[in-house]
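Good morning, and thank you for the time.

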Amino acid sequence: MPSDLVFNIQRFTIHDGPGIRTTVFVKGCAMGCFWCHNPEGRHSYRELQYFEDRCIHCGECVHVCPSQAHDLRDGLHHFLRDRCRVTGECVKVCCSGALEMNGRVMTVDEVMEEVLRDRPFYQTSGGGVTISGGEPGLNADFVRGILGRCKGEGLHTAIETCGYCSWSALESLLPFTDLVMMDLKVITPEKHRLATGNTNEQILANARRLAATAMPIIFRTPIVPTVNDTVEEVRHIVAFIADLIALRTRGGANHRSRISYELLAFHKLGSVKYRSLGLEYHAIALDPPKRRHMEELLVLATEAGIEATMR
């Protein structure tokens with residue numbers, strides 16, 4: 001039975017697809033977006049998170065750590081991350097929640113046990129299960145196992161993808177998926193590389209292939225200052241989506257499933273996660289876009305005839 005690393009299962013989500021949903025976050029992503037709201041999902045291995053503001057300096061972690069990665073001096077706790085072997089012994093004795101293990105190996109059965117607890121909410125709200133990350137396309141066997149079981153239980157399924165994965169992996173998920181939510185951050189390859197660490201030829205190619213199917217798609221753009229918050233950048237994305245809608249329309253009656261667009265305002269709520277992972281948060285100086293500006297960008301999409309929303 002497939003198993004993989006999951007870093008969160010979030011219940012009662014309302015922004016990851018229609019209705020009330022359970023979102024399963026898998027670890028591992030090939031992108032390096034400097035503003036990423038889920039940095040704990042980037043690496044495909046377990047990590048120890050240390051939330052300094054929760055620490056009560058009790059020293060219990062010092063006594064149990066086999067690699068002496070914790071040090072208590074002058075009443076202050078110092079986490080020596082370079083020594084850490086991620087055994088998790090310290091997490092077991094941390095009573096304040098300052099230490100957390102990021103990533104646990106789960107089987108499909110274990111995931112489904114949690115997912116099915118909220119079946120009544122899915123049924124009454126038109127919700128279901130969403131697989132996010134990380135990047136689901138990099139964990140295709142595991143994700144396909146979950147999606148297949150969900151469909152067997154009659155649940156609505158969705159995936160959130162950055163599109164930076166092989167088409168064969170992404171395509172293998174589609175028979176068990178009711179909705180794809182896919183990021184389009186920047187259209188120009190070099191600008192995309194500077195912002196995320198990778199060019200976007202594969203992403204755009206996957207978007208075109210998706211548009212040629214009958215899969216409902218919500219394309220999403222996180223509006224990030226200095227990256228893509230200008231009228232020019234959003235207009236490029238809107239033009240690309242309009243072309244994809246035209247492509248689907250030319251495909252005939254069986255290829256007219258809904259393609260829509262969502263603009264997501266950048267925020268800094270994930271900054272504490274970077275500190276907990278010992279990472280520098282390069283978006284710290286950026287301010288979230290103002291609502292009026294988001295509304296102006298939204299008009300670009302609606303004027304192009306695209307069904308669009310923002311949040």
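The model is a predicted one, in which local features need pLDDT of at least 70 and side-chain atom pairs count only at pLDDT 80 or more, whereas totals for chains, interfaces and linings use all residues. Residues are numbered from 1 along each chain as its sequence is written, and side-chain values use heavy atoms, with hydrogens and water left out.

A cavity here is a set of points, on a 1 Å grid over the protein atoms alone, where a 1.4 Å probe fits but cannot get out; its lining residues have an atom within 4 Å of a point. Grid points are joined across faces, edges and corners, and the volume is the space filled by probe spheres set on the points. There are three cavities of 30 Å³ or more.

The lining of the second largest cavity divides into nine nonpolar, four polar and one charged.

I turn to charged pairs. How many salt bridges does a search of the whole structure find? The search finds 20, a salt bridge being a side-chain nitrogen of Lys or Arg within 4 Å of a carboxyl oxygen of Asp or Glu.

One of them joins Arg 11 and Asp 118, at 2.7 Å from N to O. Arg 11 lies in strand β1 and Asp 118 in the loop between α3 and α4, 107 residues apart; helices (H or I, at least four residues) and strands (E, at least two) are DSSP runs, numbered from the N terminus. Asp 118 counts as buried because its relative accessible area is 2%, while Arg 11, at 35%, is partly exposed. The cut-offs are under 20% for buried, over 50% for exposed, and partly exposed in between, with a 1.4 Å probe and protein chains only.

Finally, Arg 220 and Glu 262 meet at 3.0 Å, N to O. This pair links strand β11 to strand β12, and both partners are buried, Arg 220 at 6% and Glu 262 at 10%. Together with Glu 160 and Arg 311, these two residues are linked in a network of salt bridges.

Terms used:
On a 1 Å grid over the protein atoms alone, a cavity is a set of points where a 1.4 Å probe fits but cannot get out, and a pocket is an open set with protein on both sides within 12 Å along at least five of seven lines; lining residues have an atom within 4 Å of a point. Ala, Val, Leu, Ile, Met, Phe, Trp, Tyr, Cys and Pro count as nonpolar, Asp, Glu, Lys and Arg as charged, and the others, Gly among them, as polar.
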